[in-house]
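Hi everyone, thanks for coming. Please have a look at the sequence and the structure, and I'll talk you through a few places in it.

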Amino acid sequence: MKDVAAAAGVALKTVSRFVNAEPGVSPATAERVAAAIERLGYRRNESARVLRRGRTATIGLVIEDVADPFYSEIGRAVEDVALRHGSLVFSGSSGEDPRRERELVLAFCARRVDGLVIVPAGTDHDYLLPELDAGVAAVFADRPGGLDADTVLSDNAGGAHAGVTHLIRHGHRRIAFLGDRTAIFTAAERLRGYRRALSDAGLPADGTLIATGPPERAGAALDRMLAEPDPPTAVFAGNGRITVALLRSGHRPPLVGFDDFELADLLTPGVSVVAQDPAGLGRTAAELLFRRLSGETGPARRIELATRLVPRGSGELRP
DNA sequence: CGAGATCAAACGGTCACCTG
DNA sequence: CAGGTGACCGTTTGATCTCG
């Protein structure tokens with residue numbers, strides 16, 4: 001900047017004004033400064049700018065797994081919004097481990113991110129309080145966090161209710177629920193939606209038709225249910241990985257799965273799903289974050305995004 | 001009065017150097 | 001040897017000044 005000022009024959013301050021499009025630079029001077037910038041190949045040093053301004057124009061994103069398409073779609077949407085606000089995104093995978101989530105978040109904070117979008121792995125977020133006090137903004141996405149902050153969720157219970165009701169309408173009375181561990185908020189919510197759908201339809205709750213646990217065990221769990229005297233005639237799968245695990249283990253039951261996935265429409269029959277809007281989750285979370293960063297105050301918001309039932313064949317099979 | 005110059009003080013951390 | 005001091009990195013910002 002000093003060199004540009006010397007080359008253009010103006011003061012440092014004038015270059016700064018020009019670079020930041022501030023008023024007070026005459027067109028003639030601006031032209032000389034622009035020419036000097038062009039000639040010297042000057043680009044503003046962002047580190048120095050950060051040093052002075054206190055804002056780093058970066059945000060941190062903690063998701064469960066960057067390799068999981070559901071979360072990478074969230075990540076992409078967050079990135080798009082961030083870019084529009086002149087920010088870059090650091091992202092990391094918690095792997096569903098609260099300790100790792102905390103390490104990532106604190107590492108981002110140590111690099112002085114302006115804000116955070118977090119898919120919580122744990123339920124205790126007291127470790128965030130000092131950071132929030134220091135002015136870092138935080139938004140929870142996909143699941144609620146352990147403190148009162150802006151949160152964006154999918155309507156998990158409502159989506160599961162719609163999916164199970166769809167199976168009931170097609171004549172099923174005994175519907176299995178294969179879900180992830182209920183310690184995970186979304187899994188518990190979907191189970192709640194399943195139960196409500198059964199009771200709304202006047203069907204009995206049968207605990208032997210419910211299995212929760214890691215997705216890779218879903219196939220075996222369904223095998224056990226099918227070996228019982230009064231087996232289920234349809235399956236509601238609690239997330240995309242469970243749906244895929246079931247299909248991989250050779251099962252083709254009447255089925256509705258939570259979460260859409262690639263090629264679901266190309267199978268025979270097509271797999272009916274309750275689709276979430278992961279891009280919507282990411283976009284909404286990032287937009288809330290940038291609103292806070294631009295000074296919006298007021299109580300924490302909680303936004304719930306609708307899900308969409310996508311019938312493709314597997315959910316319309318009769319008993 | 002407006003355009004622009006000049007000056008100094010930050011920002012947060014690192015590092016060389018000095019003191020006791 | 002520990003601990004303290006001050007310069008330094010590049011930019012922004014505000015105060016103040018100059019000149020036509």
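Let's begin with D150, whose side chain comes within 2.8 Å of the backbone nitrogen of R301. That is a polar contact, meaning a pair of N or O atoms within 3.5 Å; within protein, one must be able to donate a hydrogen and the other to accept it, and residues adjacent in sequence count only if both atoms are side-chain atoms.

Before going on, some housekeeping: this is a predicted model, where local features need pLDDT of at least 70 and side-chain atom pairs count only at pLDDT 80 or more, while totals for chains, interfaces and linings use all residues. Residues are numbered from 1 along each chain as its sequence is written, chains are lettered from A and ligands numbered from 1 in the order in which they are written, and side-chain values use heavy atoms, with hydrogens and water left out.

Back to D150, which sits in strand β5, residues 150–154. Strands here are DSSP runs of E with at least two residues, helices are runs of H or I with at least four, and both are numbered from the N terminus. Is D150 buried or exposed? D150 is buried, with a relative accessible area of 3%. Buried means under 20%, exposed means over 50%, and partly exposed is in between, using a 1.4 Å probe and protein chains only. Leaving aside residues up to four places away in sequence, D150 touches A138, V139, F140, L288, R292, P299, A300 and R301; a contact needs heavy atoms within 4.5 Å.

From D68 to S93 the C-alpha distance is 9.8 Å, although they are 25 residues apart in sequence.

Which residues surround DNA strand C? They are M1, K13, S16, N20, E22, Y42, R44, N45, A48, R49, L51 and R52, where being near means having a heavy atom within 4 Å. By type, that surface has four nonpolar, three polar and five charged residues. For the sorting, Ala, Val, Leu, Ile, Met, Phe, Trp, Tyr, Cys and Pro count as nonpolar, Asp, Glu, Lys and Arg as charged, and the others, Gly among them, as polar. Helix α4 gives the most to the surface near DNA strand C, with four residues. Phosphate oxygens of DNA strand C lie 3.4 Å from a polar side-chain atom of Y42, 3.4 Å from one of R44, and 3.1 Å from a polar backbone atom of N45.

On to DNA strand B. The residues around DNA strand B include G9, V10, A11, K13, T14 and T29. Here α2 brings the largest share of the surface, three residues. Of the atoms of DNA strand B within 4 Å of the protein, 54% belong to sugar or phosphate and the rest to bases. For DNA strand C, the sugar or phosphate part is 66%.

Last, the contact of α2 with α3. In α2, T14, V15, F18 and V19 meet T29, A30, V33, A34 and I37 of α3. Those residues divide into seven nonpolar, two polar and no charged.
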